[in-house]
Amino acid sequence: MRIRLLVWLLPCCLGLMLHLPVQAEEPAQAKPAPSKTFAVPYKLTDTQHVMVRVKINDKGPFNFILDTGAPALIMNEKAAEKIGLKGNDRGLTTFNKIELEGGLVIPQVKGLVLDMFQLKGMNSLGLAGVELHGVLGYTVLARYRIQYDFTSDKLLWTELNFQPPPIVGFGGKGGSQGGMEMIADMMKMLGPLLGIQPNFERKPRGLIGIEVTQKDDGIFITGVLKGSPANKAGLKVGDQLLVVGRRDIDTERDLQFAL
C-alpha cells in the first residue's frame, strides 16, 4: 500500500516541479548618486532678512535675500543693467549661471528683472544696512533642503530631486505690484525730508601689519609685517599697545573698536 502511494506521488511531485515558474534574477538597481550639500555663508541684515552673496553670469557679487514668498529669482533693474542683462516685456529672462558663496552653482535659471517695491523702499531708506540687489524666490529655494542654524555663520543647502513648476501669474512687467510702486516712491521722497540717507559705502579694511596677544597686563605685539605701516612707524615685537587714537587699549576688543 505504501509502495503504491509513493509510486503515485512521485510523478505528481515531478509534474509540479516542472510547472513551477522560473524566477529570473532581478538586475541590481543602480544606487542614486548621493545628494550634494553646500555650506553657504549668510548674513542677517539690519531688518533680520537672511542675505547671501551671489554671482550672476560670473559677475558680482550681489546681495540677495531669501524669500519663499517671491515666485522666482528677481534682480533689480539697476543691478541687471550693470551686467548687461534685460528682461522681456514681462520682465522674464534666463540667468545663465547663478553662483552662491560656498560653491553652489545653478545653471540656466529662469527669473525676472524688475524693481520690487519692497527692495526699492528699503534701499531708499537704507533699512537693511546694505544695498539689496534682488531676492532668491521659490523656484530656486524649492530645489534644496535648507538647514537654518543662526548659531552658525553658514546655511546647509542639500540638493533635492525636485524641479519646481515654471513661473506663472505675471501679466505684465511688474506683475501684481500695481499701485504699491507708489509707496516705494513715497519712501524715496520722504527719506531726505526726514534726514534719512542710505549709506552703502564700503571701505576696505585698513592694513596695520601687526599680530597681538592679550596678557593680564595688556595687549602686546607678537609680530610685525615687514614694510607695513606698523613696521614703518617703528613698532617692534614685545611692545605694549597703550593708546590707539584716543582710546586706551586694555583688551583686544578695545583694539578692534579703536581700529
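Because the model is predicted, local features need pLDDT of at least 70 and side-chain atom pairs count only at pLDDT 80 or more, while totals for chains, interfaces and linings use all residues.

**Stop 1: the ring cluster.** Select Y42, Y148 and F150, which ring pairs link into a cluster. Rings of Phe, Tyr and Trp (its six-membered ring) pair if their centres lie within 6.5 Å; planes under 30 degrees apart are stacked, over 60 edge-to-face, and the rest tilted. By this rule there are three aromatic pairs. The pair Y42 and F150 is edge-to-face, because the ring centres are 6.0 Å apart and the planes stand at 70 degrees. Y42 sits in the loop between β1 (37-41) and β2 (43-44), and F150 in the loop between β9 (144-147) and β10 (154-159), so the pair ties together parts 108 residues apart in sequence. Strands (E, at least two residues) and helices (H or I, at least four) are DSSP runs, numbered from the N terminus.

Now colour by accessibility: buried means under 20% relative accessible area, exposed over 50%, and partly exposed in between (1.4 Å probe, protein chains only). Y42 is buried at 15%, whereas F150 is exposed at 52%. Y148, found in the loop between β9 and β10, is partly exposed at 41%.

**Stop 2: strand β1.** Select T37 to P41. The covered face of β1 has F38 and V40, and the uncovered one has T37, A39 and P41. In a regular strand the side chains alternate between the two faces of the sheet. The bridge partner of T37 in β10 is T158.

**Stop 3: helix α3.** Move to residues 117-125. Seven of the nine residues of α3 are buried, so the helix is largely enclosed by the rest of the structure. Among the buried ones are F117, L119, M122 and L125. Just after α3, look at G126, with its positive phi of about 65 degrees.

**Stop 4: a charge over a ring.** Finally, select K215 and F220. The charged end of K215 sits over the ring of F220, 5.0 Å from its centre. The rule here is NZ of Lys or CZ of Arg within 6 Å of the ring centre and within 35 degrees of the ring normal.

Technical notes. Residues are numbered from 1 along each chain as its sequence is written. Side-chain values use heavy atoms; hydrogens and water are left out. Two strands pair if DSSP finds at least two bridges between them.
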